[in-house]
Amino acid sequence: MVRALTARGHTQLVLRTRDELDLTNQAEVSRFFATERPEVVILAAARVGGIHANQSRPALFIRDNLLIQDNVIDSAHRSGVGKFVFLGSSCIYPKLAPQPIKEEYMLSGPLEPTNEPYAIAKIAGVKMCQAYRREFGFNAICLMPTNLYGPGDNFALQDSHVVPSLIRRFHEAKGRGDDRVTVWGTGSPRREFLHVDDLADAILYLAQTYDAEALVNVGWGHDVTIRDLAELVASVVGFEGRISFDPAKPDGTPRKLLDVSRLTQLGWQPRIPLKEGIDRTYAWFRDHAAAARL
Ligand code: GDP
């Protein structure tokens, strides 16, 4: 978001690091909004992680996300924020939702158990924005991004999402001269990936042009298997050994492809294809490997 806003010439950005402002602390958040009185709020802050992090820390994932959004949405409303963008996630949709997933499928069936606490928190955030819009006319919009990747991601091996994890795994295997990399799960789940710079562009576009209660999916429109993804990352990194799969690790939901027709009708389309996006992310990772969140 900061890259996208700065590139468009915006200078009045109100930014805080996690150390400077604890969004789970109601008093701190309330004081921050009363003092700063921002005009536009983009709530991208959340407790996030990959399938392992979600499974091993379910309490933290539901607690932190409920607190962050409760504090930020309520304080934003009270301080008179003129536009609020809430970011949800494609995991708010039922595990076995028909594909591609339409916005109206939210709450139409049971969730994927590996990330249910996170998804329940995000669904609560959507409902809170919609309730504040109905009761107070609060100008909040709710965007549901698909799986994201890009520079600045979390590259930890255990807790990250699949793209940064594979970039690091293949990079390190190549450096060590390993002849094999093992990828979690069966390789058959399908996922859709969107570069963060595309998401940032969509957020700015919709913040300026969209004002309604209905959710908007933000995705690429096509998906790939985890096996395809692993082969693509291996070729970008230049790893020439074998790729094997560990079915003892969880696959998660079998498929998660968003229906992006609402977004397309609203006039926005992504620009960064997966191969180009992974090239750019790998270049960033190599430049920042020492400082990246490893
Ligand atoms: P999800 O979409 O919420 O399941 O998010 P993830 O990015 O954590 O996982 C996507 C898929 O990639 C799942 O089927 C994982 O089993 C698979 N996967 C394969 N290798 C890895 C890995 O090293 N890290 C993660 N997080 N997932 C992996």
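## The shell around the ligand

Helix α6 contributes the largest share of the shell around the ligand, 3 residues. The model is predicted: local features need pLDDT of at least 70 and side-chain atom pairs count only at pLDDT 80 or more, whereas totals for chains, interfaces and linings use all residues. Residues are numbered from 1 along each chain as its sequence is written, and side-chain values use heavy atoms, with hydrogens and water left out.

In total, 17 residues surround the ligand, each with a heavy atom within 4 Å of it. The closest are Ile51, Ser165, Arg191, Pro250 and Asp251. Both α6 (162–176) and β5 (180–184) supply at least two residues of this shell; helices (H or I, at least four residues) and strands (E, at least two) are DSSP runs, numbered from the N terminus. By class, the shell has 7 nonpolar, 6 polar and 4 charged residues. Ala, Val, Leu, Ile, Met, Phe, Trp, Tyr, Cys and Pro count as nonpolar, Asp, Glu, Lys and Arg as charged, and the others, including Gly, as polar.

## Polar contacts and cover

Polar contacts here are pairs of N or O atoms within 3.5 Å. A backbone N or O atom of isoleucine 51 lies 2.8 Å from a ligand oxygen atom. For arginine 169, a polar side-chain atom is 3.0 Å from an oxygen atom of the ligand, and a side-chain N or O atom of lysine 256 also lies 3.0 Å from a ligand oxygen. The protein covers 97% of the 540 Å² of accessible area that the ligand has on its own (Shrake-Rupley method, 1.4 Å probe).

## Helix α5

Glycine 137 follows α5 and has a positive phi, near 70 degrees.

How values were computed. A polar contact is a pair of N or O atoms within 3.5 Å; within protein, one must be able to donate a hydrogen and the other to accept it, and residues adjacent in sequence count only if both atoms are side-chain atoms.
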